[in-house]
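Trainee: Hi! Could you walk me through this one? I'm new to it.
Mentor: Happy to. Have a look at it first, and then ask away.

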Amino acid sequence: MLEQLFSSRTLDVLIEAFPKILLPGLTVTIPLTVLAFSFAMIISVVVALVQFAQVPVLRQLARFYIWIIRGTPLLVQLFIVFYGLPNVGVVIDAFPTAVIVFSINEGAYCAETMRAALESVPKGQIEAGYCVGMSWLQIMRRIVLPQALRTAFPPLSNSLIGMVKDTSLAANITVAEMFMSTQRIASRTYLFLPLYCEVALIYLIFCTVLTKIQHLGEKYLNARGFQ
Amino acid sequence: MLQVENLHKAFGELQVLKGVSLTVEKGDVVAILGPSGSGKTTLLRCINFLEKADSGRLVFDGEDFDLGRITRREIARLRKKTAFVFQNYNLFRNKTALQNVTEGLITARKMPKAQAEAIGLQMLEKVGMADRRDYFPHQLSGGQQQRVAIARALATSPEIIYFDEPTSALDPELIGEVLAVMRQLAAEGMTMLVVTHEMSFAREVSSKVIFMEGGHVVEQGPSKEFFASPKEERTRAFLRRITHPEETAAPSAD
């Protein structure tokens, strides 16, 4: 059995599989991550600001949203939308479903990161903003949010890296991303260990690149006074 | 120019200001003195609406406002005529010295950037910080930050500047540079209302002194008279404590 695993056939399969795994990585995993994370950022800023500004009603809604989303598994959320909602006549394609669910899920977590970051900005600057005549929105947009985003940058990078890997869950709702492509090849060739290691390696490469980008991003921000 | 009458403010059960009244004329440099907890800072913050007063009357430039019922729009309008210098400077940390000064001009007053920068540079020069225009707050000392904060206050050409213990957070060797800027402003005729612990500033620079204790104004008057012949016993006790701290200090444990 071991010889079989370390045969030249294994190597051939791995080499042949590489582009077949990488391609859906580039065309599905990355777009899914980029789209979902972008929406998650918008959601999180709005949800965090609503809490930060203590807007009545909306603030309670924000807490409710975070409570529900953080308290239920991502996989279950995917299943509810993709396999569950058709029962009530709501049918959404696999890829859009994945984008929606990942956005909403990540948005809840990032909203908490963002809220903490907003609260870390010293309040005196808000008062100073009022005293030079700025409005609340101007103060948020030009003073508080830029600083909060700098604080939130490392934990948000963390979330982004987490999301790259979590997109593999979308295989369960028929999204043909990297992991599903790997599963297909594996079930045909029976080379589970080498192929799953191969896809793991590709995820690792993606995340390594992101880590690198995070470092560059932090350097850039520090050079512009965000520290 | 500025008149406050019967200002009340409580934080929950705690009455911090129990009917404070004061008057500031154009060109006055008024020092507000008093022990900590006397309500000086709260008074200043209420006058510029950083705290909401419970009741009281404020007359600014002949316009009359009920502090308990003032609207946001009125607050915004009044703030355009005033400026505030904080104990902790409160510079915008993501902006350079120059951007700190121009920010309010560009956003709140919709001034073109070039014009705002010209004014900003002029103000930084006034406080001796023009050569640090591109430094971020964390690259500046406390005294330098406070001078930038004063430049920021000046930029909007306010009719009055409120100072809330502007030197209290500074290392002793940095206090002088900030006081020098304030002296210069006073000499130029800027109207200033200054909460301070700097007796030398109150004595030498201010034209008028307000002494507060326990949420009341105990005594107020021209600063010469105030220091030469304080009328109230509490004022005299305070001045003794300030000028001879070692005599009244509690005995040390060892």
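Mentor: Let's begin with a pair of helices: α3(A) and α5(A) cross in a left-handed way, meaning that the near helix is turned anticlockwise from the far one by less than a right angle (clockwise would be right-handed). Helices are DSSP runs of H or I with at least four residues, strands are E runs of at least two, and both are numbered from the N terminus. This is a predicted model, in which local features need pLDDT of at least 70, side-chain atom pairs count only at pLDDT 80 or more, and totals for chains, interfaces and linings use all residues. Residues are numbered from 1 along each chain as its sequence is written, chains are lettered from A and ligands numbered from 1 in the order written, and side-chain values use heavy atoms, without hydrogens and water.

Trainee: At what angle do α3(A) and α5(A) cross?
Mentor: At roughly 120°, with the axes of α3 (residues 58-70) and α5 (residues 94-120) of chain A coming within 9 Å. Axes are lines fitted to C-alpha atoms, for helices over the stretch in contact, and angles run from 0 to 180 degrees between N-to-C directions. The two helices are therefore oblique to each other; under 35 degrees is roughly parallel, over 145 roughly antiparallel, 65 to 115 roughly perpendicular, and the rest oblique.

Trainee: And what about α4(A) with α5(A)?
Mentor: Helix α4 (residues 74-84) of chain A packs against α5(A) at about 135°, with the axes 10 Å apart. That crossing is right-handed.

Trainee: Which residues of α4(A) meet α5(A)?
Mentor: L74(A), Q77(A), L78(A), V81(A) and F82(A) do, and their partners in α5(A) include A94(A), T97(A) and N105(A). Contact here means heavy atoms within 4.5 Å.

Trainee: Switching topic, how many residues does each chain bring to the contact between B and A?
Mentor: Chain B gives 22 and chain A gives 20. Together they bury about 1,900 Å², 58% of it on carbon and sulfur atoms. Buried area is the accessible area (1.4 Å probe) lost when two parts are put together, summed over both.

Trainee: Which residues of chain B lose the most area to chain A?
Mentor: F92(B), R93(B) and N94(B), together 28% of what that side buries.

Trainee: What does UniProt list for chain A?
Mentor: An unreviewed entry gives "domain: ABC transmembrane type-1" at residues 26-214 of chain A; such annotations may be inferred rather than shown by experiment, feature names are shortened, and positions follow the numbering used here. That span is 80% helix and 0% strand.
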